Amino acid sequence: MNYGSFFYEYTPHGYCILWQPELVWTHVISDALIAISYFSIPIAILYFIHRRPDIRFGWIATLFAAFILACGATHVMGIWTLWNGDYGIQALMKAFTALVSVATAIALWPLVPKALAVPSAAQLQSANQELSALVAERDAALVRLQSEIEERTKAEEALLQAQKIESIGRLTGGIAHDFNNLLQAASGNIELMRARGDDERVGRWTENAAAAIERGKRLTSQLLAFSRTQKIELESLSASAVVDEVAEMIRRTIGPQTELSISPLPEDAGVLADRTQLEMAILNLAINARDAMPEGGRLRIAVRQARRLKPEYDLPPGDYVDIAVSDTGTGIDPAIVSRIFEPFFTTKDTGQGTGLGLSMVFGMARQSGGTAFVESSDENGTTITIRLRRSGAGDAAADLDAERGAGPARLPRLEVLLVDDEDDVRGTVADMLSHLGCRVVQAADGEAAVTEMLSRPFDIALLDFAMPGRSGARVAEMLRVVRNDLPIVFISGYADTDALEQAVGGDYHLLHKPFTDHELAAAIRAAIAAG
C-alpha cells in the first residue's frame, strides 16, 4: 500500500459506522438537505445582486455566496465518502472552503462599521416622516404664498379701481360744480320773477321752470354723492315719497323686461337720512336686482314699519322703517352672503362691477343710525333691506311745502359781503339778497373781499368755495384774521367738506347750489344765530 499517494483509496466512511442503515441514511439525508440548501442560498444571493445592482456591498455578497457554495460541496463529498474513500478530494474541497471562508471573514470585518452606518428601517421611517413634514410645510408655505399673491393681486386691482373711481369722482364733481352754477343763475332769476310776477301765465311758467331746476338739482346731487366729497346730512324724510321720486329713474334703468311694483306705507312715516344718499342707495339696489334677473322678472320695493323691542342687527330697540328691495332671481350663494357688503367685493365679471354699490348702501345706512341686511334663497330670490330710524316728523315734504307757501322771512338792514368768481351767479345771488332786504357788497376774489372787509363792517359773509387762486376756505381764513367772529356761509355746487373743516375748524355753514330764497334766508339766519 502506497501511503504517499494523495488519492489513495481509503476505507469508505460507511465502514466506520459498520454500515448500519439508520446511520448511513441519516448522514445521507442530512448532508443532502444541507447541500441543497447551501446551493440554493448562493443562487438567491446572486439573483438579488443581479436585480439590485445599486447595493453598496454586492461584492462581499458574491464572496459570501462562493463560501456557502463551497460549504454545500463539502456536504456532497460527505455523502460520497460514505461509499468511497476519496478523502483526498474531500480534503482539497475543504481547503478551498477554508480559503474562501478566511477571505470572506477578512473582507467582512472592515465592512461591519460601514454596514452599521447604514440607517435602520426605524431610522429611515423617522427620516421619511421628517421629510414628509418638511414637504407638507413647504406645500403650506406655497399655498400661503399663492394666497398672498392672489390677495396682493386683488389689492392692486382694488387700488386701480379706486384710483379710477377717484378720477371719475373728481371729474364728476367738477362737472356738477359748473352745472350747479348754471342752475343757480337760472334758479335765482326764476325766484325773483316768481316773487315779483303777477301774471298767472308767468307764474305757471316759473313754476314749471322751477320744477325743472329741482330735477336738475337732484341729478347733480346724485353726481356729487358719487364723487363722495360731501358728508352725509341727516334730515327727516318721507320714505314713501323718496321711493316715489326715484321710481321713474328706476323704471328707465331696469328696462321693460323687468316689472316694477312699489308698496308704500299706508300711513306715511318719516326717516332720518340724507335724501341724495338714500336715493342713490335705492337705485343701487334696483340695479343689482335687475342684474340678478338677466331674463327679466319682478322687482318689488316695499316700505314698512319695523318696531324692535330688543336689540337686533346691532341696533338699539326703537321704531324703524324698512325699505326692502326684492327680486325673483336665483338668489345669492350662501358661502358669500356674509361678504356682499364688503368694499370691492363683486360676483360680476371683470369690468361689469366695481364692488362699491352695496358697500355704499351699507355705509349710508350705518351713518344714518340704521343698518342693511340681506335675505336670499334659491326659491324666493333676494331681498336687501335698508333699516332706518323713524323720525318724529310725519311728512317732511309737506312741512317743506308749507314753509315755501309762507314765503321767505326778510332779512332787513343786514350788511352782506358776497364773494363769487362767477359774475352771473354773483349778480343773481346779490339780487336775491337785495330782495330779502339786505345791503350787498360784491367781490370777485379774495383780495377784493379783504379790501372790502377792511373798509367797512359786515354782518355776514357769503363765500363761494371753489374759486380759482385762493379757495373759499383760504378767503375765510383771511377774513377771520380781520374779524374772528364773522359769520360765514359757504355757497358752492361742489364742496369738499373735509377741506372746509380742516380750514375753518367746522365753524361754517354750507349752502348747496342751486338754492332758493327760502334756503338762503334760513342759512343766513342760522349762521348769525350761531355767531
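Before going on, the ground rules. This is a predicted model, in which local features need pLDDT of at least 70 and side-chain atom pairs count only at pLDDT 80 or more, while totals for chains, interfaces and linings use all residues. Residues are numbered from 1 along each chain as its sequence is written, and side-chain values use heavy atoms, with hydrogens and water left out.

Back to Lys-513. This residue sits in the loop between strand E12 (509–512) and helix H15 (517–530). Helices (H or I, at least four residues) and strands (E, at least two) are DSSP runs, numbered from the N terminus. Is Lys-513 buried or exposed? Lys-513 counts as buried because its relative accessible area is 3%; the cut-offs are under 20% for buried, over 50% for exposed, and partly exposed in between, with a 1.4 Å probe and protein chains only. Apart from neighbours within four places in sequence, the residues in contact with Lys-513 include Asn-180, Asn-181, Gln-184, Asp-464 and Ser-492, as well as Asp-420. Contact here means heavy atoms within 4.5 Å.

Asp-420 also turns up in the contacts of Arg-426. Arg-426 lies in helix H11, residues 423–435, and is buried, with a relative accessible area of 11%. Setting aside neighbours within four places in sequence, Arg-426 is in contact with Leu-418, Asp-420, Asp-421, Gln-442, Ala-443 and Ala-444.

H15 has 14 residues and spans 20 Å from its first C-alpha to its last, close to the expected 20 Å at 1.5 Å a residue. The expected span is 1.5 Å times one less than the number of residues in the helix. Which residues of H15 are buried? They are Asp-517, His-518, Leu-520, Ala-521, Ala-523, Ile-524 and Ala-527.

Two of these, Ala-523 and Ala-527, are in contact with Val-489. Val-489 is found in strand E11, residues 488–492. With a relative accessible area of 1%, Val-489 is buried. Other residues that Val-489 contacts include Ile-460, Ala-461, Leu-462, Leu-463, His-509 and Leu-511. Between the C-alpha atoms of Val-489 and Ala-526, 37 residues apart along the chain, the separation is 9.4 Å.

Now the cavity. A cavity is a set of points, on a 1 Å grid over the protein atoms alone, where a 1.4 Å probe fits but cannot get out; lining residues have an atom within 4 Å of a point. Grid points are joined across faces, edges and corners, and the volume is the space filled by probe spheres set on the points. How many cavities of 30 Å³ or more are there? The count is one, and the largest cavity holds about 30 Å³ of space. Its lining is made up of Gln-277, Met-280, Ala-281, Asn-284, Met-360, Val-361 and Met-364. Helix H8 (275–291) and helix H9 (357–367) are the elements that give two or more residues to that lining. H8 supplies the largest share, four residues. By class, the lining has five nonpolar, two polar and no charged residues; Ala, Val, Leu, Ile, Met, Phe, Trp, Tyr, Cys and Pro count as nonpolar, Asp, Glu, Lys and Arg as charged, and the others, Gly among them, as polar.

Leaving out neighbours within four places in sequence, Ala-289 is in contact with Leu-299 and Asp-327. The C-alpha atoms of Ala-289 and Leu-299 are 6.9 Å apart. Asn-288, also in H8, counts as partly exposed because its relative accessibility is 25%.

Helix H2, residues 21–51, has 31 residues and reaches 45 Å. Its buried residues, among them Val-24, Asp-31 and Pro-42, pack against helix H3 (58–83).

To finish, the whole chain. It has 15 helices and 12 strands, and 39% of its 531 residues count as buried. Of the contacts between residues at least 6 apart in sequence, 73% join residues at least 24 apart.

Conventions: 1 Å grid on protein atoms, 1.4 Å probe; cavity = no way out; pocket = protein on both sides within 12 Å on 5 of 7 lines; lining within 4 Å.
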